[in-house]
Amino acid sequence: MISDGGLIALFNSPTRAMQAEKVLRQAGLACRLIPAPREVAEGCALALRFDSTDQGSIFRELAARDLLPRRLYGKEQGALTPLELPTNH
Amino acid sequence: MAIYLDNAATTFPKPESVYQAIDQALRRFGVNPGRGSYRLTLEASRLILDVREAVADFFHIPDSSRVVFTSNATEAINLALFGLLQPGDRVVTSSMEHNAVSRPLHALAARGVEVVRVQSDSVGQVSPAAIRKAVSAAGRKTRMVVLSHCSNVTGTIQPIGEIGSWCRREGILFLVDAAQSAGLLPIDVQTMGIDLLAAPGHKSLLGPPGTGLLYVAEGLQPAPLIFGGTGGNSLLPSMPEELPERLESGTLNTAGLAGLLAGIDYVRQQGLERIHSHKVALLDHLLHGLRTLPGTRIHGPAMAERNGSAVSFTVEGRDPAEIGYLLDDTYEICVRTGLHCAADAHRTIGTLPSGTIRVSPGLFNTPTDIEALLKALETIIGNKP
């Protein structure tokens, strides 16, 4: 579901996740909504998956629309690691 | 084919695009939006977001997540009132309200909310000065002003922009019941100082029954009326804090909302100005005709420009119910008679207990429909029982 080098972002609500996806798609940035893995979210939640190479563009777009995620994780060597949310967009 | 003139109750027929949107949504992705993450449910969720954003854009709502979908305007009003008012709070409303406002306030009064009803004038007009006076009369703060934008009985349009701007300056919440105006008159929640806007999807927004909405301004956090699943944070025993999920438990009406989106698109294509002009022309035709009929009395502004979506009248010595029956039975003309779920309004305009005959043309009515109604009335009134 998530390859090494991939990132997932979690949002405050399912609606925020849907809004983020729409904004990014409109901006031509590749992303996909997936079920949040159990290591990062209790119960059911959506996560937005994208490639780390797009992180800068994606956060700039989301910041501009006041849609920044609540948490960010990166997958390396098969494990998801929490990442600091970028502050410079 | 029947002539339908009860669009204040719900608009009928709908644009063809509304029927098609409902059918296609139900066939193509009639799954549960916001539940799961497979592609079909995401497609349904994307549609819901599109509707939310269309509603936000239509009413100039800055953040679409503050748009909460309900099954009708009544539910939206109940959500706002029961979700925000506490015993000891003071509310100012008018004598022209629909039971969708009057009954929840009556119930809240029994729980200790102080409800002050401002009397309108004889044509149903509520003056901003009277609202200000009612607010100022008490020695304590008023929490909320609740007002219908347009009366469902007389069609009287209230000056909500002026009242809302004043409420905003005074720090008083302003709830607008837009049941008769959403999709007919311009509404801008920002410039009109509206904190809570309740609207049906199935009237002038041209969506199907079973759709409605509540706009909740940033910073307000109504308590939910209904508790249950929201599709996320399932381990949380309480309702989530975030809107719209906090106020949208249970499965949404995806097909209905698809129809609402098509309805809003249709309204946008036509343009509010054109829609309003069409209504004004039909009401003007109706009012001129009614004035020529003997014994007829018009209740309300009796000026098409100020009548919103409906005209109410009575005929001296005749029961409105009987006239409504004859219009339907003999002429297949559908109008609404009686109290229109708004006894307070009828008390105000002096038409209790038998009410009025209400005619509310819609977007698809024509002058020919009005002419047919007037001819039928002429015959009915001429043939006294």
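These legends describe close-up views of a predicted model.

**View 1. The largest nonpolar core, around B:Leu197 and B:Ala198.** This core contains 105 residues, and B:Leu197 and B:Ala198 have the most contacts inside it. At least three of its residues come from domain 1 (3-12 + 271-382) of chain B, and at least three from domain 2 (16-270) of that chain. A second, separate core has 23 residues, including B:Ile3, B:Ala8, B:Ile333 and B:Leu377. Beyond its neighbours within four places in sequence, B:Leu197 contacts B:Phe59, B:Val176, B:Ala178, B:Ile187, B:Val189 and B:Tyr215.

**View 2. Chain B against chain A.** In this interface, 16 residues of chain B are in contact with 16 residues of chain A. On the side of chain B that touches chain A, 5 residues are nonpolar, 8 are polar and 3 are charged.

**View 3. Helix H1 of chain A packed on helix H2 of chain B.** H1 (residues 14-26) of chain A meets H2 (residues 39-58) of chain B at an angle of about 85°, and their axes are 10 Å apart. Because angles of 65 to 115 degrees count as roughly perpendicular, H1(A) is described as roughly perpendicular to H2(B). H1(A) contributes A:Thr15, A:Met18, A:Gln19 and A:Lys22 to the contact, and H2(B) contributes B:Ser45, B:Arg46 and B:Leu49. By class, the residues of this contact are 2 nonpolar, 3 polar and 2 charged.

**View 4. B:Val280 in helix H8 of chain B.** Helix H8 spans residues 272-292. B:Val280 counts as partly exposed, because it has 16 C-beta neighbours inside 10 Å. Apart from residues up to four places away in sequence, B:Val280 touches B:Ala304 and B:Glu305. Its C-alpha atom is 7.9 Å from that of B:Gly308, a residue 28 positions away along the chain.

View 5. B:Pro13 is in the loop between strand S1 (3-4) and helix H1 (16-29) of chain B. B:Pro244 sits in the loop between strand S8 (212-216) and helix H7 (254-270) of chain B.

**View 6. Positive phi at B:His60 and B:Ala302.** B:His60 is not a glycine, yet its phi is about 60°. This residue lies in the loop between H2 and strand S2 (67-70) of chain B, and is partly exposed, with 15 other C-beta atoms within 10 Å. B:Ala302, also not a glycine, has a phi of about 55°. B:Ala302 is in the loop between strand S9 (296-299) and strand S10 (311-315) of chain B, and its 19 C-beta neighbours inside 10 Å make B:Ala302 partly exposed.

Technical notes
Residues numbered from 1 in each chain as written. Chains lettered and ligands numbered in written order. Predicted model: local features only at pLDDT ≥ 70, side-chain atom pairs only at ≥ 80, totals over all residues. Core = buried A, V, L, I, M, F, W, Y, C linked by C-beta atoms within 7 Å. Buried ≥ 20, exposed ≤ 12 C-beta atoms within 10 Å, placed from the backbone. Domains from an automatic or database assignment. Contact = placed C-beta atoms within 7 Å. Helix = DSSP H or I, 4+ residues; strand = E, 2+ residues; numbered from the N terminus. Nonpolar A, V, L, I, M, F, W, Y, C, P; charged D, E, K, R; others polar. Axes fitted to C-alpha atoms, helices over the stretch in contact; angles between N-to-C directions. Parallel < 35°, antiparallel > 145°, perpendicular 65-115°, else oblique.
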